[in-house]
Amino acid sequence: MTFSNVLLGSAALVSIAGVSASANAADAAHGKVVFARCAACHDLNTGRTVLGPSLKGIVGRKSGSMPGYSYSPAMVAKGIAWSPANLDMFIASPTKYVPGTRMPFAGISDAKDRADLIAYLEAAAH
C-alpha cells in the first residue's frame with residue numbers, strides 16, 4: 001500500500017463520516033412541526049405560563065425553576081439542568097423520567113422527532 005492510497009482511503013472515510021453526520025443531524029425546522037404537539041400547553045416565545053411552564057430558554061434551565069409556575073414536588077426535587085440528553089429522556093416518557101410529574105403527556109417515542117424538537121427548542125431560545 002502506498003502513502004497516496006492511505007491518504008485517499010482516509011479522505012474517503014472522512015467524506016463518509018461527514019455524510020453520515022449530516023444525515024443524522026437534527027432538523028430544527030421539523031422540530032417546529034413536532035412542537036405543535038406541545039404548543040397547546042407550552043409557550044415558547046413570550047415566557048408566559050399557559051397550562052404548563054414556558055419552554056423559552058428551557059435548554060440549560062434547572063428543572064422546576066420557571067418563575068410563575070407551580071411545579072410538582074417531583075419536578076422541583078429532580079434538580080437537574082435541562083440538557084439535550086435530559087430533555088430527550090423526559091420527552092420520551094415524562095412519567096418514567098420524573099415520577100410524580102403533573103405533565104399528562106405520554107411522550108414522544110420517535111428518537112428523531114425528539115432530537116428535532118430539542119434542536120428547535122435550542123434554536124428558538126435565541
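**Figure 1. The sulfur of Cys-38 sits 8.7 Å from the closest cysteine sulfur, that of Cys-41, too far for a bond.** Cys-41 takes part in no disulfide (a disulfide is a pair of cysteine sulfur atoms within 2.5 Å). A search of the whole structure turns up zero disulfides. Buried means under 20% relative accessible area, exposed means over 50%, and partly exposed lies in between (1.4 Å probe, protein chains only). The model shown here is predicted: local features need pLDDT of at least 70, side-chain atom pairs count only at pLDDT 80 or more, and totals for chains, interfaces and linings use all residues. Residues are numbered from 1 along each chain as its sequence is written, and side-chain values use heavy atoms, leaving out hydrogens and water.

**Figure 2. The protein chain has six helices and zero strands.** Its pattern along the sequence reads α-α-α-α-α-α. Helices (H or I, at least four residues) and strands (E, at least two) are DSSP runs, numbered from the N terminus. The chain holds 126 residues, and 31% of them count as buried. Among contacts with a separation of 6 or more, 39% join residues 24 or more positions apart. The accessible surface comes to about 7,400 Å². Carbon and sulfur atoms hold 64% of that surface. These areas come from the Shrake-Rupley method with a 1.4 Å probe; for residues, only the protein chains shown count as cover.

**Figure 3. The largest nonpolar core has 21 residues.** Phe-35, Trp-82, Leu-117 and Leu-121 have the most contacts inside this core. Helix 2 (28-35), helix 4 (84-92) and helix 6 (111-124) each supply at least two of its residues. Helix 6 gives the largest share, four residues. A nonpolar core is a set of buried Ala, Val, Leu, Ile, Met, Phe, Trp, Tyr and Cys residues joined through side-chain atoms within 4.5 Å.

**Figure 4. Asp-113 and Arg-37 form a salt bridge, with closest N and O atoms 3.2 Å apart.** Asp-113 lies in helix 6 and Arg-37 in the loop between helix 2 and helix 3 (73-78), so this pair ties together parts that are 76 residues apart in sequence. Asp-113 is buried, at 13% relative accessibility. Arg-37 is partly exposed, at 47%. A salt bridge is a side-chain nitrogen of Lys or Arg within 4 Å of a carboxyl oxygen of Asp or Glu. The whole structure has three salt bridges.

**Figure 5. Asp-88 and Arg-114 meet in a salt bridge, at 2.7 Å from N to O.** Asp-88 belongs to helix 4 and Arg-114 to helix 6, so the pair ties together parts that are 26 residues apart in sequence. Arg-114 is buried, with 10%.

**Figure 6. Lys-112 and Asp-116 form a salt bridge, with closest N and O atoms 3.0 Å apart.** Both residues lie in helix 6. They are four residues apart, about one helical turn. Lys-112 is partly exposed, at 35% relative accessibility. Asp-116 is buried, at 2%.

Note on methods. Contact = heavy atoms within 4.5 Å.
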